[in-house]
Amino acid sequence: YNVIYDVVDDIKAAMEGMLSPEIKEVDIGKVEVRDTFKVPKVGVIAGCYVLDGKVKRNSLVRVIRDSIQINKDMIRISSLKRFKDDAKEVAEGFECGIGLENWQDLQIGDILEIVETEEIRRKLEVNE
């Protein structure tokens with residue numbers, strides 16, 4: 001009897017491996033744009049103040065203007081600086097400079113919601 005149960009478990013594990021993972025968005029911080037700077041060959045850099053949580057370099061961003069999200073897709077942070085030094089993350093209460101990939105439409109007063117994505121493995125449900 002063990003052989004049959006092992007085969008069933010192996011097939012179930014193989015089928016679970018074929019399922020695409022569920023992607024969950026987790027808000028990790030909120031940032032306010034205090035000023036914008038145009039840098040040649042780079043684009044627009046937002047001078048920001050971290051209101052809540054933290055900012056990580058490779059996170060994704062939602063741009064909120066007048067309580068409305070103005071970007072359809074998530075935007076990746078291309079650069080994160082603290083003064084003139086590159087930073088991996090900036091904590092609540094500090095200022096930083098943020099550059100966004102392929103997004104130049106930033107204005108003073110915009111709110112950037114910092115989001116990270118988590119992949120959650122999906123499982124097959126067992127109906128017994």
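This is a predicted model: local features need pLDDT of at least 70, side-chain atom pairs count only at pLDDT 80 or more; totals for chains, interfaces and linings use all residues.
View 1. Strand β5 covers residues 75-82, and β8 covers residues 95-100. Both K81 and G97 also belong to the group of residues that lie nearest the centre of the largest pocket.

**View 2. A hairpin is formed by β5 and β6, with 2 residues between the strands.** Strand β6 consists of residues 85-86, and its pairing with β5 is antiparallel, over 2 bridges. Across this pairing, R82 stands opposite D85 in β6. F83 lies in the turn and has a positive phi of about 60°. F83 is also one of the residues nearest the centre of the largest pocket.

**View 3. The largest pocket is lined by 15 residues.** The space in this pocket is about 310 Å³. Nearest its centre lie I45, K81, F83, C96 and G97. At least two lining residues come from each of the strands β1 (22-39), β2 (43-56), β5 (75-82) and β8 (95-100). The most are given by β8, which supplies 4 residues. Sorted by class, the lining holds 8 nonpolar, 3 polar and 4 charged residues.

**View 4. C48 and C96 are two cysteines that take part in no disulfide.** The structure as a whole holds 0 disulfides. A disulfide is a covalent bond between the sulfur atoms of two cysteines. For C48, the nearest cysteine sulfur is that of C96, 5.3 Å away. C48 is buried, with a relative accessible area of 2%. C96 also counts as buried, at 6% relative accessibility.

**View 5. Strand β9 pairs with β1 and with β3.** Strand β9 spans residues 111-120, runs antiparallel to β1 and is joined to β1 by 10 bridges. Within this pairing, V26 has E116 in β9 as its bridge partner. Strand β3, residues 60-65, pairs with β9 in the antiparallel sense over 5 bridges. Here V63 stands opposite L112 in β9.

**View 6. Strand β3 also pairs with β5.** The pairing of β3 and β5 is antiparallel and has 2 bridges. L60 has R76 in β5 as its bridge partner. In a regular strand the side chains alternate between the two faces of the sheet.

**View 7. L124 is found in the segment after β9.** This residue is partly exposed, with a relative accessible area of 27%. Between the C-alpha atoms of L124 and D110 the separation is 42 Å, and these residues are 14 apart along the chain.

**View 8. The whole protein chain holds 1 helix and 9 strands.** Along the sequence, the pattern is α-β-β-β-β-β-β-β-β-β. The C-alpha trace spans about 70 × 30 × 30 Å along its principal axes. The radius of gyration of the protein chain is 21 Å, whereas a compact globule of 128 residues would have one near 14 Å. Of the 128 residues, 30% are buried.

Terms used. Residues are numbered from 1 along each chain as its sequence is written. Side-chain values use heavy atoms; hydrogens and water are left out. On a 1 Å grid over the protein atoms alone, a cavity is a set of points where a 1.4 Å probe fits but cannot get out, and a pocket is an open set with protein on both sides within 12 Å along at least five of seven lines; lining residues have an atom within 4 Å of a point. Grid points are joined across faces, edges and corners, and a volume is the space filled by probe spheres set on the points. Ala, Val, Leu, Ile, Met, Phe, Trp, Tyr, Cys and Pro count as nonpolar, Asp, Glu, Lys and Arg as charged, and the others, Gly among them, as polar. A disulfide is a pair of cysteine sulfur atoms within 2.5 Å. Buried means under 20% relative accessible area, exposed over 50%, partly exposed in between (1.4 Å probe, protein chains only). Two strands pair if DSSP finds at least two bridges between them. The radius of gyration is taken over C-alpha atoms; the globule rule is 2.2 Å times the number of residues to the power 0.38.
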